[in-house]
Amino acid sequence: MVTRGFVGRRPKADDARRLPPGQSLTTDFPVLSLGPTPAVRLERWKLAITHDRKVLASWSWEEFQALPHTPITADIHCVTKWSRFDTQWEGVTIDALLLAGGVTPPTQFVLAKCYDGYTTNIPLADQRGAQAMIATRYAGEPLAAEHGGPARLLVPHLYLWKSAKWIAEFRFVEWNAPGFWEERGYHIRGDPWQEQRYTNDP
Amino acid sequence: MIWQTAVIERIEQTTPRVKSFFFRVALEHHDAGQHVDIRLTAQDGYQAQRSYSIASAPGAELLELVVEHLPEGEVSSFLHDVAVVGDEIEMRGPIGGHFVWRQSDEGPLLLIAGGSGIAPLMAMLRTRPATDTLLIYSTRTWEDVIFRDELLAMDARVRVIFLITRELPRRAEDFGTRIDRGVLGSVMKQWGCAPRHVYVCGATSFVEAAATALVDEGIPAAIIKAERYGGA
């Protein structure tokens with residue numbers, strides 16, 4: 001349906017190609033979280049890979065720093081309609097994490113659990129092959145608390161609610177059980193290029 | 001969720017930079033705090049989408065959106081400068097299952113808004129919460145207070161405190177400062193209630209400051225719901 005009188009301020013052609021449907025480009029870095037930004041102290045920080053109430057591997061902050069870190073540059077897309085190009089992150093890929101922990105994936109589904117109680121589901125198929133990492137640095141600096149520091153999941157090819165801030169636990173689960181937003185009307189997978197924003201979107 | 005046609009029935013200038021748009025649209029029943037997506041389409045098929053919080057009460061005849069005119073805003077500029085009564089846009093929703101309050105959630109209720117962040121909290125206030133309610137509303141000037149007359153006429157169980165950051169406050173109970181722990185502590189002490197639910201909405205820096213003040217004042221993080229917009 002054409003909107004009478006709407007012309008729009010189109011992005012440049014190069015930018016337009018990189019923008020998924022319904023998104024617009026921003027140069028700042030909006031913050032979306034459920035409540036207050038939690039203060040996660042590094043001396044208490046822990047990341048655990050779990051399955052069926054058993055800890056398969058876990059790292060303190062110091063131990064995590066010793067894992068092989070990888071830089072990535074990626075475009076990120078938030079379901080609230082903004083996208084940001086060429087964001088620079090550094091962290092440990094999920095492949096490297098599983099390898100370092102000696103973890104053979106017991107299932108193909110993962111629920112990320114966070115220090116603020118947030119959860120989100122991401123199948124392993126959307127993480128392997130350097131598609132996802134536990135990110136601890138942004139633009140060359142330690143990741144700010146409001147953006148998920150000390151460490152967040154980063155899955156840039158899915159809407160950003162999947163890139164869980166303040167991650168604490170990487171839990172293998174038996175099926176693709178919905179997380180926090182997925183239970184509240186948002187899409188189970190969240191691919192921005194297919195515009196999978198809400199539950200019944202294709 | 002399908003796109004529906006929404007017709008602009010009324011437009012009101014509520015402050016120098018803010019207009020309210022009232023739409024006739026057949027969305028499903030919404031809860032106070034939810035938002036809608038709108039979509040505009042140009043002749044050649046180019047589209048722009050934005051999300052806006054619903055300011056009208058659940059069950060209201062028309063759906064009200066509060067739109068602040070952003071100088072570079074593609075959609076807000078269209079709505080402010082081009083759209084007129086009778087125009088149709090596409091809308092879908094209601095959306096959001098976290099930043100919501102229903103009468104059955106009870107209270108006391110503490111609402112904290114910055115600027116146009118009042119919109120989803122207004123939907124809560126307009127349900128006439130049957131519980132003690134405190135609204136702390138921060139704007140730059142008295143003229144920037146959206147819904148000012150309606151807020152000043154709220155019934156006795158709703159206490160409204162304005163934080164006016166760029167001029168002197170007009171009323172004795174208001175403050176001429178930004179939100180911080182000192183202001184929050186003093187306002188809450190006068191209120192005398194322990195909130196059961198806290199909702200904070202505004203620009204990111206405002207929400208961060210308010211949420212930090214709340215946590216420092218001993219409010220459990222688990223009862224604080226926040227909605228942020230704009231850049232960090």
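A: Begin with the term itself: two strands count as paired if DSSP finds at least two bridges between them. The model here is predicted. In it, Ile49(A) stands opposite Ala57(A), a residue of strand 3 of chain A.

Q: In which sense do strand 2 and strand 3 of chain A pair, and over how many bridges?

A: Strand 2 of chain A (residues 46–51) and strand 3 of chain A (residues 54–60) are antiparallel, with six bridges. The two strands make a hairpin with two residues between them. In that turn, Asp52(A) has a positive phi of about 55°.

Q: How many bridges join strand 2 to strand 11 of chain A?

A: Four bridges link strand 2 of chain A to strand 11 of chain A (residues 167–173), and these strands run parallel. Thr50(A) has Arg171(A) as its bridge partner in strand 11 of chain A, and His51(A) has Phe172(A).

Q: What should I keep in mind about side chains along a strand?

A: In a regular strand, side chains alternate between the two faces of the sheet.

Q: In what order do the five strands of the open sheet lie?

A: The order in chain A is 3-2-11-6-7, with mixed pairing. Strand 3 and strand 7 (119–123) of chain A are at the edges; each has a single partner strand, so one side of each has no neighbour in the sheet. On average, neighbouring strands of this sheet are turned by 20° against each other, direction ignored.

Conventions. Residues numbered from 1 in each chain as written. Chains lettered and ligands numbered in written order. Predicted model: local features only at pLDDT ≥ 70, side-chain atom pairs only at ≥ 80, totals over all residues. Axes fitted to C-alpha atoms, helices over the stretch in contact; angles between N-to-C directions.
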